[in-house]
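Good morning, and thank you for making time for this item. I would ask you to keep the model open while I speak.

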Amino acid sequence: MLIGLTGAASGVAVAGEVEIDSGVVGATSDILLSAVDVAKSYSGVPALFDGCIKLRRGSVHALCGGNGAGKSTFLNILVGLHQADGGIVLCKGRAVRYASPAEAFADGIAIITQELSPVLDMTVAENVHLGREPRRASWFVDKRRMISATRSLFERLRMDIDPKARMRSLSVGQIQLVEIAKAIDREGEILIMDEPTSAIGERETDILFEAIRSLQAHGVGIIYVSHRIADIFSIADSYTVLRDGRFVETGAVANIDRQRLISLIVGRSLSDHEKRPATARGEVMFAAKGFSRGNSFRDIDIDVARGEIVGLYGLLGSGRSEFVNAVYGNEPKDSGEVFVEGRRVDIRTPADALRCGMAIVTEDRKETGLVLTSSVRTNISIAALRRFSRFGAIVGRREVAAVDRQIAHFAIKTASREVPVMRLSGGNQQKVVFARCVETAPRILICDEPTRGIDEGAKRDVYAFLASFAAKGNAVLLISSEVTEILANADRIIVFRRGRIAGELRASTATQQSLVHLAG
Amino acid sequence: MSTPNASVEARTPRFPAQARWQAIGRFISGYGIVLSLIIMVVFLAFASESFLSVVNLMNILRQVSINGIMAMGMTFVILTAGIDLSIGSTLAIAGVVSGRLVIGDDPLSPILAILAGILTGSLFGSINGALIARLRVPPFVATLGMMSMARGATLLYSGGRPTPELSADFLWLGQGFLLGIPVPVIVFAAVFLVSWIVLRFSVYGRWVYAVGGNPRSAKTSGINVDAVVFSVYVVMGALAGLAGPILAARTTTALPQAGLGYELDAIAAVVIGGTSLTGGVGSVANTLIGTLIIGVMNNGLDLMGVSSYYQQIVKGAIIVLAVLIDHSRRKNP
C-alpha cells in the first residue's frame, strides 16, 4: 500500500483515506510541482523514504516536520542541490531530475535558505541585482536604473529599506527581507522558503507575510517551511507533514487545528503549555548592575535568584543579546559590574566568565556556537578540557566517557562521536551546544534563543533541561523572541525596548498582549 | 494521526550498484593521498631498478627532511587559517646565526648553535605573531613583509657573504648518521612525532583546531584566540630556525641566500596532504604524506632522467589536483 496524494480535482487528502493516485503523472496545469515517493540516503543512512508534496498555483504550502524529518533533504532534491535515489518529481507536468540548482532555477524554482549569502560590503540594490545588473552600453552597470528598480520592488513588497544602504549597516531582520525580495525579484513561479522568519522580528514577519500574499495573488506557488506553528496558521493554506523521513499527512490548513498539527509533527499528543512550577529560592545568585554600551543598551540592572529562570524578552535589536554577550565578556561594555553569589567578579573575557561558573548558548549556533568542522566529541569537550587533561595532555578515556554520557543524556542523534558537527541536524547541533555548556559545570546559564530553528520535540527537550537545571539551584537567563516560549518557561520576564528595560512581569500573571505591548 | 505503512519499512535502496560506486568513490577520495603515494611508489619500483634501494630511499628522506620540518610548522599555521611566507628568510638568518657560532678555533657546541638558530627563528616568528594576533595585520601581508625584512637582515648580518668552514661537529648535524639513519631524517621524524602528539592529544592541539574552525566559537568556549594565533607563528619560526642550521650543515656553508622559495614548498606539502587552507581541518600525518609525495616525485623523475623543469610543472599540477580532490570530498560527504 502506498500513500498517494489525492488528485487536484478531489481536493484535500484526509489521513486514513489513503488512495493511490494514478493522476499524479499526468498532473493538470494547476499543479506547479508534485513529487511522489522521493527517496534519498546519505552514506547508506536513509534520510528520506517517500517524500511527497503537491504544490498548487497560488498556494502557500507548509512543509512541516521535526528535525531529521527529511525536510531539508526533500527541499535539496527539489531544487537540484542533491539527487534523489528514487521517486518522481514533476515540474509543471514534466518529469524532472535536476542535476544542479541552476537547472531548477531555469524551471522557475527559487529557494530562500536558512543560511543567507549577502555580500555585506555592497549596497542593497547591488545585492538584489547580483549577477543580473541592468547594463548601459552593454558594458557598464546602470546604477540609477538598478536603484529605482529596487525601490519600486520594495514599494511593491512594502519594505522600508534604503536601496543605497550598505548591507553591513542593516539589521539581521532587514538583511533577511532583502534576501527574500531578491528571490522574489527573480520571478520564479515556485518559491521555497526555508525558515524565513527564524531570524526576524514580529514587524519584519508581518512585512514578509504581506509580500507572500501579494505573490500568492500573482499565482506563485510557495513551499513554506517553518517551526513556528503560528506562522503556518497565519500564512499557509495547505500542509504536508513529514516525520522520520516518511510522509505522514497532507491537507488544508482550514481543516486542522494547532494541537493536531503539533501532534502530527511530534508523533505524540501535546498538552497545552503549562506555567512552570516555581523553583526560585529567594537568595540572589547572579546580578548584573549598571550595564551600558553606547546606543546598544543603557543602565541595565538584572538579578536572578537561585533556582530561577528569568526571561529576557524584546524585539530584535532591542539590546538583549548585546547585553548578555557583554556580561559574558564576549563583547565590550562601557560600564557594568557582575556579582555572583554576592561577590563582585571581574569578567573581561569568556574565560573569566567560565571560571565564575557561567556558560552561554549563543544566538547563532553556526556563526558563534559550534566549530562545525570539528567532531561532536571535540565540540562537547572544548570548553572543559581542563577537566579531561593532565599537564596539557588530554586523557582520552575520561573525555570519551564524558562525551558519551552527554550524547546519551541529551539523546543527540549522531552516527558516532567522531562525526563532524556540520553533518548533524539543527536540533542535534543545538543539543551539542547545551552539552558543551553542561560539561563546564555552570551555575549560571545564559541561553540566547536556544530553540531557534529546531523542531517541537527538540524544543521540549530544551525546556525540560532548563527546568531541571534551574531546579538544582542554578540560575538561568532565557532570551527569546517567542512570546509563548518565554511565558511557559520563565518565572519572571524582563522586557527590553530600545536598549533599556521597559518593564518586568511575573510569568504567572503576564499575558502575550502585555509582553508585546511593553516590547513594542 | 499517522498512517502506518508496512511496505515503506521494507523498501531497499533503489540502485544498489550506484551506491557501491559511491562507496568506492568515497574511499578513494578519503584515502586519496595515501593511495596516490602508494601508486607512485609501485610505479617507480617497476620503472627504475635503483628506486627501491635502501640508499635511494634514505636519499629521498634526507632530501625531504628540511621541507618536512618546515611543513610541520606550516600545518599549525594553516590549521588556524593563516599562512607564513617568511620562513625561507627565517631559515636563512637562523642558518647564518648558528653558522657564525661554529667557525674559527673555538667553535660553540653544535647543540647550542642549533638552539641559537631556534631562538632566532622564534624571535622572527613572534614578530609575525604579534603583527597578526595583536595588530590584526592579515597573515599574508604580515609575513610577506617579514619575508623581505628577514632576508634583508640576513644579508646585512652576513655582509652578503657565505659563512664557510663550519666545525666538523656541526657538519655532522647535516651529514652524519645515527644508527645508519641520516641525522636530518631523525630530526624530521622527531619533529613529526612531537607535532603529531601535540595536535592529536594535547589541549593546545584542540585549541589550534578550534581557533581555525571557528574563532568566535573558540572564544566563547574560553579559549584565548589571540594567544593561540600568536603561538602558531612562534612554533613555525622555531621550526624554520631549526631547519636553517641543519641545511647549513648539509651544504657545509651557511648561505644568506638559502631557503629561497622554501615557503612555497612547505605550503605545497600541507596542501597536497589535504589540510584545508580555510582552517580547522587537516593533520601533520597528512602533511607527512604530502612531503613524501613531493620527495618521491622529484626523486622518481630524476631517476627517469626527466628534466627538473618538468618537475616543477608536475609539482604544480599535483598541488592543483590535490585541492580539487579535497574539494570534491567536501562537496559529497
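Let me begin with A359(A), whose bridge partner in strand β21 of chain A is L445(A). What we are looking at is a predicted model. The pairing that holds this bridge joins β18(A) to β21(A), residues 444-448, in the parallel sense, and four bridges make it up.

Which residues of β18(A) lie on each side of the strand? M358(A) and I360(A) are on one side, A359(A) and V361(A) on the other, and all of them are buried, so that both faces of this strand, residues 358-361, are covered. In a regular strand, side chains alternate between the two faces of the sheet.

I turn now to the domains of chain A. The assignment gives a domain 1 made of 22-108 + 188-266, and a domain 2 covering 284-519. The C-alpha centres of these two domains of chain A are 32 Å apart. To their contact, domain 1 of chain A contributes 12 residues and domain 2 of chain A contributes 15 residues. On the domain 1 side, helix α8 of chain A, residues 258-266, supplies the largest share, namely three residues. By class, that side of domain 1 has four nonpolar, six polar and two charged residues.

A word on confidence in chain A. The mean pLDDT is 84, and 90% of the residues of chain A reach 70 or more. Residues 1-27 of chain A, however, have a pLDDT below 50, although this stretch has 51 contacts in the model beyond near neighbours in sequence.

Next, backbone angles. R498(A) has a phi near 45°, a positive value in a residue other than glycine. R498(A) sits in the loop between β23 (492-497) and β24 (500-506) of chain A. Is R498(A) buried or partly exposed? R498(A) counts as partly exposed because 15 C-beta neighbours lie inside 10 Å, and a residue would need 20 or more to be buried.

With 14 C-beta neighbours inside 10 Å, E165(B) counts as partly exposed.

Staying with chain B, the chain has 15 helices and two strands. Of its 333 residues, 49% count as buried. Among contacts in chain B with a separation of 6 or more, 78% are between residues 24 or more positions apart.

Helix α4(B), residues 54-79, bends by about 45° at S65(B). This helix is mostly covered, with 19 of its 26 residues buried. Just after α4(B), A81(B) takes a positive phi of about 70°.

Why does G213(B) count as buried? There are 28 other C-beta atoms within 10 Å of G213(B), and the threshold is 20 or more. Which residues is G213(B) in contact with, leaving aside neighbours within four places in sequence? They are V371(A), L372(A), T373(A) and S374(A) from chain A, together with G279(B) and G280(B) from chain B.

How values were computed: Residues numbered from 1 in each chain as written. Chains lettered and ligands numbered in written order. Predicted model: local features only at pLDDT ≥ 70, side-chain atom pairs only at ≥ 80, totals over all residues. Buried ≥ 20, exposed ≤ 12 C-beta atoms within 10 Å, placed from the backbone. Pairing = 2+ DSSP bridges. Domains from an automatic or database assignment. Contact = placed C-beta atoms within 7 Å. Nonpolar A, V, L, I, M, F, W, Y, C, P; charged D, E, K, R; others polar. Bend = angle between axes of the 7 residues up to and from the residue. pLDDT = per-residue confidence, 0-100.
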